[in-house]
Amino acid sequence: MNLAPADLPKEGGRYDLAIAVGILAASAQIPEDQLSQWEFIGELALSGDLRKVKGILPVAIACEKSQRKLCLGAQNVHEAQLVSKLEIAGAENLLQVCHLLTGQLPLVTVPLAAIKLTSMEDQQAQKEALIGYDLADVKGQYQAKRALEIAASGGHHLLFSGSPGSGKSMLAARLAGLMPKLSETECIEAAAIYSIAGLDTTQVCAGIRPFRSPHHTASAVSLVGGGSYPQPGEISLAHNGVLFLDEVVEFPRAVLEVLREPLEAGKIHISRAAQKITFPARFQLVAAMNPCPCGYALDSSGRCRCTPDQIKRYQSKLSGPLLDRIDLHLQVNPIPPMQLLDIASDSAQEGSLEVAKRVSLSVERQLARQQCRNALLEGEQLQKVCVLSAELRELLATAATKMQLSARSCTRILKVSRSIADLALSETIERKHLLEALSYRQDSSLAAAY
């Protein structure tokens, strides 16, 4: 048996089935001429049963490209089924594999396994069954909900700043339920990363966008990926989905700074002495933070006792370049108890289903116009789609000077304005759309106020 190339490290039991089939063919127990179109992958138990292995989906994609058939364990069939044109044979044990190669077990080509739902109501029912969060659970905070809708529509990054208990985490947890279902290509991309990491692919196979929420004690390696044998990190597991960083300023600054490249490029390059690898990382960042160490700088009760130096030092963990890459900055103020009780008794709270319908229409407009979400607009395409009148160009230039906005910030304001216009089903960016986009770029730092 030859595990070539010899310089490539091997790990796990995925080669067991291929080795066993090779031995059976070499000893003339199965016909060798049947192996030319097959690939075999799976771990064998001592009883001959086939066990589940990780990383099946990338194998299936490679088999389809090379026009080969794939034989694997029955527990892995549901992942390989995502590759619609691939011929698959799932077996429970080695004996069934022998029956397949001797013609005693027919090959069954399995159709695409991704769930196809016909109506928005069915899609939302599937989302609620797997996610379980509804926007109607958040009482009040209408501006924050509006920012969530804009972010879901255009794929924009979002930062919430506010006192403890104001609803920042609740809002962020409901973003995935507003976003459109994964397309077939996005579904395969996300499921392939989950497969490599050995995680359950049920949700992404059902079209539900990934939602990752690492703890603030996470290391840089766990966030971006790596290790002796590089594995995808949280930013790659959030590919085509949401990465939520709660208490973002509690993350070490060095950990946060590694987000700058993937936020721009949509991928992460990992270099090790043994090998170099690139993982996709086109995620949507949602971050939440307190305004000061005690958290109550925005509270009208005046109970915050933090000094300006403490506030400045606390917020300096978020660097200017990182903040510049976040499209929407929003201050979430706590709701007074009496007002909260009045809102809680209001049964007309808008749920995720209603918002998701508007987001879906907006995304359809974007894909039909430019074949991508507004957050991904670049170069000539950006200039063509985000056209401003002479009056609005002057308004943006004046605002950029007064607010000391960078060129990157101005570009992101244009993209957000386009998303707001798409939600309003407007063909052009109007003054009210641009003004609303500018309102989300106000300085999120409180240190300047002291």
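Helices (H or I, at least four residues) and strands (E, at least two) are DSSP runs, numbered from the N terminus.

**About the model**

This is a predicted model, in which local features need pLDDT of at least 70, side-chain atom pairs count only at pLDDT 80 or more, and totals for chains, interfaces and linings use all residues. Residues are numbered from 1 along each chain as its sequence is written, and side-chain values use heavy atoms, with hydrogens and water left out.

**Backbone details**

Most residues other than glycine have a negative phi, and most peptide bonds are trans. The peptide bond from Ala 4 to Pro 5 is cis, with omega near -5°. Pro 5 lies in the segment before α1.

Gln 404, a residue other than glycine, has a positive phi, near 55°. Its place is the loop between α19 (390–403) and α20 (407–423).

**Helices α1 and α4**

The axes (lines fitted to C-alpha atoms, for helices over the stretch in contact) of α1 (residues 16–26) and α4 (residues 94–101) come within 11 Å and cross at roughly 55°. That makes α1 oblique to α4; angles under 35 degrees count as roughly parallel, over 145 as roughly antiparallel, 65 to 115 as roughly perpendicular and the rest as oblique. Angles run from 0 to 180 degrees between N-to-C directions.

In α1, Leu 17, Ala 20, Val 21 and Leu 24 meet Leu 94, Val 97, Cys 98 and Leu 101 of α4, where contact means heavy atoms within 4.5 Å. The residues of this contact comprise 8 nonpolar, no polar and no charged. Ala, Val, Leu, Ile, Met, Phe, Trp, Tyr, Cys and Pro count as nonpolar, Asp, Glu, Lys and Arg as charged, and the others, Gly among them, as polar.
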